[in-house]
Amino acid sequence: MNKIIIISAVVFMFSGCENFLTIEPTNEVLTTEAINSAEDIQKTLISAYDVMRNGNYLGGNMWTMGDLVSDNSEKDFSDFGWDQIAQRSMNLFNIQGRSFWQNAYYSAERVNYVMYLLDHSGVPDLIEQERQRIEGECRFIRAVAHFELVRFFALPFEADSNNDQPGIPIRLKPVVDIAAATKIVDRATVQTVYDSVIAELELAVDLLPGDNGTYASSWAAKAYLARIYFQMNDFDRAFSYASDIIINGGFALNDSVQERFATTNSGEAIFELQSTSAGNNSAGALVGNYRQNGAGNPGFHPSADLVNQAISDENDTRGQRFYNTRFISGTEGLERTYCAKYDYDYMNVPVSHLAEIILIRAESAIDKSSPDLPQAISDLQMIRDRAYGEGNKIVPGNSTAEELRNMCQFERRLELAMEENRLHDLKRTKSEVRGLPYNSNRAVWQIPDIEQAGNPDIEMNPSSD
Amino acid sequence: MSLNKTHYWKLILLLFLVAPLSLSAQTQVITGTVTEAATGEPLPGVTVISKGTTMGAVTDFDGSYSIEIVPGATLVFSFVGFSPQEVRVKDQTLINVQLGESTTELDEVIVVGYGTQRKRNLTGSIAKIDGSQITETPVSTFAAGLQGKAAGVQIIQSNGMAGAGSAIRIRGVGSISAGGDPLIIVDGIPINQDQDGSYGVRRGANTSAMATINPNDIESLEILKDASAAAIYGSRGANGVILITTKRGKSKEASWDFSYRAGMVQETKRLDFLNNTEWLQLHQEAYENDAIYGSGNLDAGAYPDLPGGVTLEEAMATNTDWQDLMLHNGFSQEANLSFNKGSDKLKSYVGISYSDQGSYLMGNNYKRLSGRANLEYQLTDHLSAGVNFTQAFGVNNRVEASWAGGLGSAQSDALPIWPVWTDESTYFDAGSNPVRSRDNKEIKSFENRSLGNAYLNYRPIDGMIIRADYGLDYLSLDENYYENEILRSVPYAESRVNKYLSENGKVVGTYDLNMPENHYLQVLVGTEFNRTKKGNAFLSYDGLSDPIYKYDALPDSSLTREEDNPLVMSNSFVSFFTRISYNYKGKYLFSGSMRTDGSSRFGENNKFGYFPAGSVGWIVTEEEFLEKSTLLSFLKLKASFGYTGNAEIPDLIQWGTTNINNGITYNNDSIIFRTNLANPNITWERTFSYDLGLEFGLLRDRIYGELTYYNKRTENMLLQVKTQASSGWAIVYDNVGEMENKGVEFMIKSRNLVGDFKWTTDLNIGFNRNKVLDVGTASPDALAGTGDTRVIKGHPIGVNYLVRFSHVDPADGMPVFFTKEGEETKVYNVEDRVVVGKPYPDFIGGINNTMSYRGFDLSFLFNFSYGNQIYDDAGKRLVGRINGWNQSRMVLDRWRQPGDITDIPRLTLDGALSGIETDRNTDEFLYDGSYLRLKQLTFGYNFPESVVQKMHVKNLRLYFAATNLLTFTKYPGSDPEIFRDMENVMQKNLSPSVTYLTPPQAMTFNVGLNVTF
């Protein structure tokens, strides 16, 4: 009798078990039920921009890392990761390297998934044009991630070599299950990474509209292609992409050098990461690292070497506006020159802009297979006229290629100071990186622990030369 | 064992027939009452059998029985916990018997999963600790009172702060990313233990969710160690199970117990730091070193600026002993009052308790007010109903510790050259000032725990009990944090609330079949469910003039953040279980059990787990060939095996989840992103273990001991699998690992002297070897613990993975390291890290001596731990880098000039300039963690009966008790018993014996009195 009661209780409970034992998350939804419209796919795409602007990636630290490891920037505080960067002893635990790696790849993962959704979500309201635009943005975002990563974590691309030095893992496939997440992917060669990035961007150029609001347009993709070919010393292609943008892009240099920072989406902006309020600031890390008009002192300041060049010409509005020499707060009478580019509560991150493209075309014109020095002179003059005031610093018409190249590189350093390019320019031109050979292992970040953790056999960079 | 056919049929008949069988025509009826010798109270449930026959009876509620026997038979009265008695029947028809409590260990009643057993018949490995042993000395949680008392049970108190958390490890640690603490069950209800630490880790220290359980309410505590004992708890038994039974009404007359205790709390050790003169000297020396040897082009003749903007004159005139300002003699007190009555139909235990546990840290104490009512009412002869309920309120006045400040700051970045005050009313604030922080912050948590169950016991026939039980456990923690206008231009207030609510229901049927002389069979069948809701809330305000808890109504205007996640269902379990115990002639013992667990935590492909176990025992001394042995009074050989599981895995990791409602916008557009990848295979960790053991009694059990070998192998270990970060998924959960724990446990209890002067010695020791057998594709840094502990295949869990230090180069004072290959190098390179130590000891144990003479008693317990290493995670900054931190006095032995032979490198202000890697993790800071500690010392006096009777009380005792009085260790840091802030289960598994300015344990001195009236 009692057994019967127990048995029936057991049977009864078994039948109720399945519901009882199913507890789903409440503050999130199941991935299988999350995407129901084209709008949802669009929101998933936007989430990749939110990662791009992460403070450890394009939102700032990536830029500061390049400036600190080279000769544009110095720091005034002690910190495990930044100390390593200043001393050029970045190991696998370098916090900035790790976070940059993670976020750049995270942006790639988000767009890989968006591309997966384009094929698999089956949402009914997605029109072909939208589909292409979304795919174009995806390809752009993951190409940018791979390109920025390979510049920091691998030895430089060299035009006269086969570039079979280890690059970075290429991640173009969606991760939709644990098996895909745990699948081992080794480092591709630098050449393969560049090939892949270029292919992605070329597709993006075709897929993207010329006007895509404040999101990545075909011009943004072309601007990156110009930058990449320039980095590769492929001056013909760099010239041609830069020219295309200058002639056909409809961009115009701002009147003042400051507008790039003070104004959102100004006339020279090709691609910016957007900020809508102080609480929603894409440039948070840049502001945090450099802002000097707030309370206290910023952690970073321009190197003496850079400051000397920047304020060498009193007409240079860049020197006037972007450098401020003042007392160090909390000291009695000690002076320091700080960077004033990022003195805003919030601001857009100027990822690509016309000034950079003009400088790329100018230098490429000198070194392309059929040199065009007049073009270089006029481009350089355009930059100079804005910086120094029209006619204040004339590029001599009879300048030699070498003189022109030096002038271009001088203006480039000043124009783009604290905007990431310095480290890569030094490597591109095979110049010393603050005492290290351009291809020193110490000027390359180590593959982070979080990468090795899932692939213990991944090839690590040599820790010394 | 052989059952003849008749017996077999009797067995079957007995199983299914309710009525007792009458086998003989010539019978007589004997009736009587069985009472307890000491109290005269009736004893229900006593087995009465006619020796050599199958006739038997059980005493009922008022101790009376009635049995039919053949004339001339012998009646045997037996009851667990009492010495059995035999009475030869002559012509009496009324036989009243008094049973005396057994003095031998072997007759003790042991609480096992869903029931009780006599220790003699146990085949599993279970340690029993009496409540009185736990409360012998003041402890804030019962766990602290377990230290050194059970073989193979390691309790590590996190630190000596009031209400501090602890880790309990039974037979080593069997998990990496899943919880490592045992399942804790109070009166049948699995309680919320806060395994994942979400409850109380904040500001450098954690508190224990168990501090709300009043140790004084505990009657006994059983630790189920092996598979055969724990497998009845299935998927939650792999880390062992602690069964807590609270006190219930049992005394014949109503009695009141009152106890009070008060005492002083000190730190076990104060560290030695430099004074201002020394610090200034060394600061200068460090600067000069950097100028001479470094690359910074410094002027060696100059004097460096002092930190905090103080001048040299000010610095020389200031010598602040910051530790002194953090430490004081704390005060603790505790009062308990309880009522106990066990006769009549109502059995009641009602108690109330207040404790105010101070600490040696100023501003830190834990107050608990708790009440308990355990009532059971006999409704009819067959039915009783009861409730056990406790309500506790805890208030923890916290202070910052470790890396967050407080004493941690006093031992690091608060320099002796800095004052507390710059003038009479202004705090010094140009550098760390822990007094300023403490005075102007308030960290206060409020805890509320309600724990209880209600049950019905139905006894349809003799030997059968069906029990239905429903229990609830509610726990909430509200942590208030406040910084006033001295610390912030706008005062800041926050409140964090964590809430848990668990429900537990079960029905268990037990059938005892006592076939006289030969067979004893017990069958248990049961089903149980358990589910837990969790919730949390967060509030923060700017500009409030007081902490949030002081407000009845809060202004909306200054609200800066508000989150309220009400209680939602988080996990559920459904279980079915059975156990069959059988013994033949009380000498061949068999037990088998099976449990099925389903849990919401398990993926759909692995919803139910099955956990079988079995054990056998042979009481050799029951055999004829040993019956006459005078030396060996008891010998039992036993073996067990079984599967247990560990379901302490995160609640929702099986689901692929997407965050669609996150409030994050980019360019004013909202975003959607995935947060977890689905894993429908996720499941419990599975442990196969086996035990071989023997128990022995010598000299009529005056010496009793146990020796056990065990082997536990955990498979399907849940790991936080680190994927390549380039996949976009840093961590996924999967069942991939394998680990082994094996060891030997030994305990012996010897009643050395038994006359007027009594002396008992208890010794227990547990050896454990842990080895990680498989961690999938993980690199050494993939499974990392705080303080550079790692999980590496082939090594014990949590090994110290560090660069080896060789010596200091006498020529330039630079540290010299070993490369991985063993060559010397001056370059510190993390790629040269190797396994150099382990955080868990080779063996642990305790030795307790108890002596009594007349009314006096004395007991002292030493516990010990041998073979682990302690890594001082702050060590690298306490010796040699004079940059912002005060220094350990060890630094006085530093290298000073060429030719000096020492282990302390030359001083530096700035590692970057001097070329000395100051952020180095090397075995310079790894120490032998072995220790022997006088854990408890108690000296008491029980007033003689003649005296107490005049005072109209039954019992009066006065005592002195002290904890952590003496410590013997080579560890030079503050305390060898250490657990850094335990942030999550993995850190808790990997990083015991790691310190980062962790506060030491508490040394306490107490006097108390107990009165019964």
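Author: A nonpolar core is a set of buried Ala, Val, Leu, Ile, Met, Phe, Trp, Tyr and Cys residues joined through C-beta atoms within 7 Å. Buried means 20 or more other C-beta atoms within 10 Å of the residue's own, with C-beta atoms placed from the backbone. This is a predicted model: local features need pLDDT of at least 70, side-chain atom pairs need 80 or more, and totals for chains, interfaces and linings use all residues. Residues count from 1 along each chain as its sequence is written, with chains lettered from A and ligands numbered from 1 in written order.

Reader: Which residues touch the most other members of the largest nonpolar core?

Author: A:Phe140, A:Ala221, A:Tyr224 and A:Ala226 do, in a core of 282 residues. Helix H6 of chain A (128–153) is the top contributor, with 12 residues. Helices here are DSSP runs of H or I, at least four residues long, and strands are E runs of at least two, numbered from the N terminus.

Reader: Why is this core said to lie between domain 2 and domain 3 of chain B?

Author: Both domain 2 (276–318 + 881–917) and domain 3 (652–682) of chain B give residues to the core, so the core lies between them. The domain bounds come from an automatic or database assignment.

Reader: What is A:Ala221 in contact with, leaving aside neighbours within four places in sequence?

Author: Its partners are A:Phe140, A:Leu201, A:Ala204, A:Val205, A:Leu208 and A:Ala216. Contact means C-beta atoms, placed from the backbone, within 7 Å. A second, separate core has 18 residues, B:Leu43, B:Ala57, B:Tyr65 and B:Phe82 among them.

Reader: What makes helix H18 of chain A mostly covered?

Author: Six of the eight residues of H18(A), which spans 421–428, are buried. They are A:Asn421, A:Arg422, A:Leu423, A:Leu426, A:Lys427 and A:Arg428. The cover includes helices H3 (61–69), H9 (218–231) and H17 (401–415) of chain A. Just after H18(A), A:Lys430 takes a positive phi of about 55°.

Reader: How many residues does each chain give to the contact?

Author: Chain A gives 63 and chain B gives 62. On the chain A side, H5(A) gives the most, with eight residues. By class, that side has 32 nonpolar, 19 polar and 12 charged residues. Here Ala, Val, Leu, Ile, Met, Phe, Trp, Tyr, Cys and Pro are nonpolar, Asp, Glu, Lys and Arg are charged, and the others, including Gly, are polar.

Reader: How do you know that E1(A) and strand E34 of chain B pair?

Author: Pairing needs at least two DSSP bridges between two strands. E1(A) and E34(B), residues 657–659, have two bridges, in the antiparallel sense. In E34(B), B:Thr658 is the bridge partner of A:Val29.

Reader: Why are strands E42 and E48 of chain B called edges?

Author: The open sheet has four strands, in the order E42-E43-E44-E48 of chain B, with antiparallel pairing. E42 (784–785) and E48 (834–837) each have a single partner strand, so one side of each is left without a neighbour in the sheet. Two bridges join E42(B) to E43(B), residues 789–790. There, B:Gly785 has B:Thr789 as its bridge partner.

How values were computed
Contact = placed C-beta atoms within 7 Å. Buried ≥ 20, exposed ≤ 12 C-beta atoms within 10 Å, placed from the backbone.
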